[in-house]
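This explanation leads a new reader through one protein structure, step by step. Please keep the sequence and the three-dimensional view at hand while reading.

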Amino acid sequence: MAYSPAEGLTLALRGDENALISVPVRSGWVAAAPMGLNDAVTSALIALLRDDLFAAPFTTSAIDELWTADAAAALRRGHREPALRSTARVGDVGTLATLFVLGVAVPAAELGAALPSLGVDGALELGLVERRGALLAPLLDLRPHAFVDELGPGSWWIASDLGEAALGTAIPATHVLGVGGASVTLSGLMIGDRVRSVLDLGTGCGIQALHAARHAKRVVATDISQRALDLAAFNATLNGVDSIEFRLGSLFEPVAGESFDQIVSNPPFVITPRGEGVPEYEYRDGGLVGDAIVSSVITGAAARLAPGGVAQLLGNWEYRDGVDAFERVGAWLDGTGLDAWVVEREVQPAALYAETWIRDGGILPRTAEFDRLYTAWLDDFADRGVDRIGFGYVTLRRPESGAPTLRRLERLDGALGHNATGLGSHIAATLAAHDWQNALSDTELALATLSVAGDVTEERHYWPGDEHPTVMDLRQGGGFGRTFPLGTALAAVVGACDGELGVGAICFAVAQLLEVDEGELLSEVLPGIRELLTTGFLAPAE
Ligand SMILES: C[S@@+](CC[C@H](N)C(=O)[O-])C[C@H]1O[C@@H](n2cnc3c(N)ncnc32)[C@H](O)[C@@H]1O
């Protein structure tokens with residue numbers, strides 16, 4: 001039986017149902033009624049919605065059946081026409097996908113059939129749809145999100161604001177983003193070890209907080225956008241997650257005086273000119289000049305991490321006046337007292353960066369508006385001497401005690417692309433491996449027994465006819481898919497790391513073979529061995 005407003009009265013004691021009220025939840029504050037209803041009524045309606053989505057079943061695989069792979073690819077590029085032409089777009093899943101994924105109005109009777117428990121009245125009351133004549137038009141994007149994270153496979157339904165295609169116009173500055181490429185990158189990087197507390201700074205639709213809730217006892221999700229918090233709270237309820245507190249405020253203000261075992265943030269890092277007439281999209285623009293939002297998150301995290309706590313964030317950084325951006329990023333890290341590991345995945349020329357983000361806001365090229373914004377972007381970059389912008393991942397850690405021991409800033413633009421799925425455990429292992437090898441003196445490391453990781457292969461390249469290789473590389477199948485160039489001595493030592501002989505004994509044998517001094521060979525290979533341990537090519541033998 002469908003929900004009716006009258007029935008809703010019996011579901012809860014209602015307050016002012018039109019007011020967006022806040023009630024204390026545990027120690028935090030959450031917008032009680034994402035869609036403007038009393039909290040208990042909202043929860044009851046959301047539970048009915050969940051039942052219907054589950055029964056449909058409104059899953060990614062069911063949606064994949066509705067249209068071709070080409071149509072799905074066009075949709076990802078923001079074009080829904082091929083999917084709209086699909087003949088398979090029928091049934092309840094077809095109705096739900098047409099409405100909430102393609103953003104196209106459907107007849108009320110069809111929605112009523114697709115949401116038999118919630119009903120049309122419930123969907124109207126929750127603010128999912130509005131009437132347009134005989135049709136119901138979507139007010140939100142709502143779609144399943146299937147994933148595999150550190151704790152295995154899962155699936156959620158995620159509500160966010162309608163995109164450009166559904167709106168038929170450029171998105172407003174208050175747009176709340178759904179799960180995008182950067183969201184998936186960060187959730188793929190997220191370390192999934194069990195912890196007590198996680199802070200998700202700039203939660204948006206709540207996707208990182210939901211992932212964090214799988215391995216943390218308590219999650220605090222913050223945002224400057226009340227609408228984002230409302231949608232994130234809606235998504236948590238829809239997916240049966242009750243361990244997230246939602247707090248309104250900028251950067252670390254909502255968590256002043258607190259500390260966390262883990263901080264994750266996909267901050268609004270898009271560099272945007274400040275000035276009249278330039279849209280300030282909340283979802284991507286932190287309102288500061290240049291890359292200051294990223295430096296603010298880095299320095300702010302230092303004060304909010306518990307001992308041993310790890311912060312993981314995405315960011316952009318500027319290359320100014322021909323100076324390597326890592327010099328500036330390094331200066332942000334100085335004085336934080338944190339271990340730091342920065343991985344730069346991509347560098348874009350300033351002009352391309354500007355084009356990309358102006359277009360992302362729904363402004364079409366070769367229009368006066370595009371040209372006006374392009375000028376503003378290029379002027380802003382010119383003011384600071386910016387010619388390129390780097391994108392990457394930052395991992396920070398507060399040492400359990402003492403001074404930081406890790407400072408890696410590196411460029412990894414290999415085969416991985418932006419797909420970071422499954423990197424969380426690799427990042428955790430890298431931090432642990434750094435700690436392990438860093439705690440050993442050279443003498444102690446020489447006594448250690450090591451083995452080569454299972455995903456490592458060796459490549460050798462020969463000049464035609466030569467007996468000895470001219471190039472030898474180690475290749476990593478997992479992790480960041482690194483390639484590590486080997487010299488003759490290190491190649492021989494790594495090749496003998498079979499978990500039986502100690503590093504020193506292997507070096508002794510290799511030195512005999514190559515007829516070189518054993519001590520010199522040991523000093524030559526140990527830095528390489530340390531690097532191979534940290535990056536996961538080698539591991540201490542069981
Ligand atoms: C790129 S979105 C990330 C959303 C989500 N965490 C994800 O990974 O998809 C950035 C979010 O930060 C929020 N935000 C913008 N400025 C902020 C600030 N000064 N403090 C906290 N959050 C902010 C935006 O409203 C937006 O929801």
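The shell around the ligand in this predicted model is made up, by class, of nine polar, five nonpolar and two charged residues. Of the 16 residues around the ligand, those that come nearest are S183, G202, D223, L251 and Y283. Two of these names return when individual atoms are considered. The side chain of S183 has an N or O atom that is 2.7 Å from an oxygen atom of the ligand. At G202 the backbone is involved: one of its polar atoms is 2.8 Å from a nitrogen atom of the ligand. A polar backbone atom of E282, in turn, is 3.5 Å from an oxygen atom of the ligand. On its own the ligand has 600 Å² of accessible area, and the protein covers 96% of this.

The discussion now turns to the strands and their pairing. Strand β4 comprises residues 129-132 and strand β5 residues 135-138; the two pair in the antiparallel sense over four bridges. Within this pair, V129 has P138 in β5 as its bridge partner, and R132 has L135 in β5 as its partner. The two strands form a hairpin, with two residues between them. In its turn, G133 has a positive phi of about 65 degrees.

Strand β5 has a further neighbour in strand β3, which covers residues 106-107; two bridges join β3 to β5, and these strands run antiparallel. Here V106 stands opposite L136 in β5.

Strand β6 spans residues 141-149 and strand β7 residues 152-160; nine bridges join them, and they run antiparallel. One of the pairings is that of L142 with its bridge partner A159 in β7. In a regular strand, the side chains alternate between the two faces of the sheet. Strand β7 also contains I158. Is I158 buried or exposed? The residue is buried, because its relative accessible area is 3%, and buried means under 20%. Although 76 residues separate I158 from F234 in sequence, their C-alpha atoms are 8.8 Å apart in space.

V120 lies in helix α8, which covers residues 119-126. With a relative accessibility of 15%, V120 counts as buried. The C-alpha atoms of V120 and E110, which are ten residues apart along the chain, are separated by 9.4 Å.

In soluble globular proteins, nonpolar side chains tend to be buried together. In this model, the largest nonpolar core has 81 residues. The residues with the most contacts inside this core are I244, W317, F381 and L396. Strand β12, residues 305-320, supplies the largest share of the core, namely seven residues. Another core, of 42 residues, lies apart from it and has A71, L99, A108 and L128 among its members.

Finally, some details of the backbone deserve attention. Most residues other than glycine have a negative phi, and most peptide bonds are trans. Which peptide bond is cis, with omega near -15 degrees? The bond in question runs from A56 to P57. P57 is found in the loop between α2 (39-55) and α3 (60-64).

R366 is exposed, because its relative accessible area is 76% and the cut-off for exposed is over 50%. The other is E515, where phi is about 55 degrees. E515 lies in the loop between α20 (503-514) and α21 (518-534). With a relative accessibility of 72%, E515 counts as exposed.

Notes. Residues are numbered from 1 along each chain as its sequence is written. This is a predicted model: local features need pLDDT of at least 70, side-chain atom pairs count only at pLDDT 80 or more; totals for chains, interfaces and linings use all residues. Side-chain values use heavy atoms; hydrogens and water are left out. A residue is near a molecule or strand if one of its heavy atoms lies within 4 Å of it. A polar contact is a pair of N or O atoms within 3.5 Å; within protein, one must be able to donate a hydrogen and the other to accept it, and residues adjacent in sequence count only if both atoms are side-chain atoms. Accessible areas come from the Shrake-Rupley method with a 1.4 Å probe; for residues, only the protein chains shown count as cover. Ala, Val, Leu, Ile, Met, Phe, Trp, Tyr, Cys and Pro count as nonpolar, Asp, Glu, Lys and Arg as charged, and the others, Gly among them, as polar. Two strands pair if DSSP finds at least two bridges between them. A nonpolar core is a set of buried Ala, Val, Leu, Ile, Met, Phe, Trp, Tyr and Cys residues joined through side-chain atoms within 4.5 Å. Buried means under 20% relative accessible area, exposed over 50%, partly exposed in between (1.4 Å probe, protein chains only).
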